[in-house]
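Here is a set of questions about how the labels on one model were reached. Each answer sets a value against its definition.

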Amino acid sequence: MTPSDTSGNRWSDLDRPPLNTPALRRGLLRPDGLWTSLDVVARTGSTNSDLVAAAASGAAKEGAVLVAEEQSAGRGRLDRTWSAPPRSGLFFSVLLTPGPGVPAGLWGWLPLLAGVATATALSRAAGVDTALKWPNDLLVTVDGAERKAGGILAERAGDSVVVGIGLNVSLRADELPVPTAGSLALAGAHSVDRDPLLRAVLRSLEEWYGEWRRAGGDPGACRLQEAYAAGCATLGRTVRAELPGGRELVGEAVAVDGDGRLVLATGGGVRQPVGAGDIVHLRPALSEE
């Protein structure tokens, strides 16, 4: 099914019902909770762009959640596009304001935190093991192969951060944008009902974010660094880091440091931290061989 098939009828794909906004609000918006508003739109260019603009104008505050049934200009890292059929996934952004208690230098942990929270939630709610590819990809196993089923994008918005999450839920094999993509359905999820999946991810994100903020952003004290390393499929593998400026670095990914950087062992005892770049898995982890 293509986006044009659904332009006039929100019920045209009965396997993909729309999200139940009133029920989501009842389940997630609490006076003492993180989430302060939740809006679902039928279609937008990018929930991240919309929420960044809302934050800049003062129309959104911490805890705002914006969900789109379809994104026409969803963005990933390095300005890559992210598209999927209407109601085939979860495409949403949240506005977080860590406050003065968390040094700005530690805000880079937020996309990693979102990855841990999402993977934890999907394990519980969908029965799918989701691995993390540094820094922001969510991987599932389809027919014995690693496939990208989701991604995370964090953007600064004044004294806040907008974290966007895109997740392929019911995408079928003939709908995959590239052969290396996957979805929860193709990974054997026992549920592709998006309402409970979204609730699970947002509750997990609220829990992890609360622990991280109470720890002053220290990823060690709140066990975020440990949890990320435990779920990171990049560690233990030989990888190629494609760095800004066209440079490349090849080595074994051996750690994620306290700043959230990937540490590569490049030979001769040299350990090189990588803070930004594209990571290509060249070889399985030793434990998988």
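Helices (H or I, at least four residues) and strands (E, at least two) are DSSP runs, numbered from the N terminus. This is a predicted model, where local features need pLDDT of at least 70, side-chain atom pairs count only at pLDDT 80 or more, and totals for chains, interfaces and linings use all residues. Residues are numbered from 1 along each chain as its sequence is written, and side-chain values use heavy atoms, with hydrogens and water left out.

Q: Which residue just after α3 takes a positive phi?
A: Gly127 does, at about 70°.

Q: What makes β2 and β5 a pair?
A: Pairing requires that DSSP finds at least two bridges between two strands. β2 (residues 64–68) and β5 (residues 89–96) are joined by 4 bridges, so they qualify. They run antiparallel. Val65 has Val94 of β5 as its bridge partner.

Q: What is the strand order of the open sheet?
A: The 7 strands run β1-β2-β5-β9-β8-β7-β6, with mixed pairing.

Q: Why do β1 and β6 stand at the edges?
A: β1 (37–41) and β6 (131–133) each have a single partner strand, so one side of each lacks a neighbour in the sheet.

Q: How long is α3 against the expected span?
A: The expected span is 1.5 Å times one less than the number of residues. α3 has 16 residues and reaches 22 Å from first C-alpha to last, close to the 22 Å expected.

Q: Why is α3 called largely enclosed?
A: Buried means under 20% relative accessible area (exposed is over 50%, partly exposed in between; 1.4 Å probe, protein chains only). In α3, 12 of the 16 residues are buried, so the rest of the structure largely encloses the helix. Among them are Leu110, Pro111 and Leu122.
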